[in-house]
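Dear colleague,

Please find the structure below, handed over for your reference. My notes on it follow directly after.

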Amino acid sequence: MPKLPGISHQRAVKAFQKAGFRVIREGKHISMTDGERIIIIPL
């Protein structure tokens with residue numbers, strides 16, 4: 001199976017912010033929420 005192309009965490013954060021998510025915590029991962037859901041983006 002061919003490898004899937006990845007995207008940078010900065011690009012993912014910007015895309016989720018446009019969708020209404022906000023950063024709530026940063027460390028080795030970035031936690032984001034929209035008030036209902038929480039997503040974790042690894043660095």
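Asp34 is partly exposed, at a relative accessible area of 27% (buried is under 20%, exposed over 50%, partly exposed in between, with a 1.4 Å probe and protein chains only). This is a predicted model, in which local features need pLDDT of at least 70 and side-chain atom pairs count only at pLDDT 80 or more, while totals for chains, interfaces and linings use all residues. Residues are numbered from 1 along each chain as its sequence is written, and side-chain values use heavy atoms, with hydrogens and water left out.

The side chain of Asp34 forms a salt bridge with that of Arg37, at 2.6 Å from N to O (a side-chain nitrogen of Lys or Arg within 4 Å of a carboxyl oxygen of Asp or Glu). Searching the whole structure gives one salt bridge. Arg37 counts as partly exposed because its relative accessibility is 49%.

Ile38 lies in strand β3, residues 38-42 (strands are DSSP runs of E, at least two residues; helices are runs of H or I, at least four; both are numbered from the N terminus). With 59% relative accessibility, Ile38 counts as exposed.

An open sheet is formed by three strands in the order β1-β2-β3, with antiparallel pairing (two strands pair if DSSP finds at least two bridges between them). β1 (22-26) and β3 each have a single partner strand, so one side of each is left without a neighbour in the sheet. Strand β2 (residues 29-33) is joined to β3 by five bridges, and Ile30 stands opposite Ile41 in β3.

With kind regards
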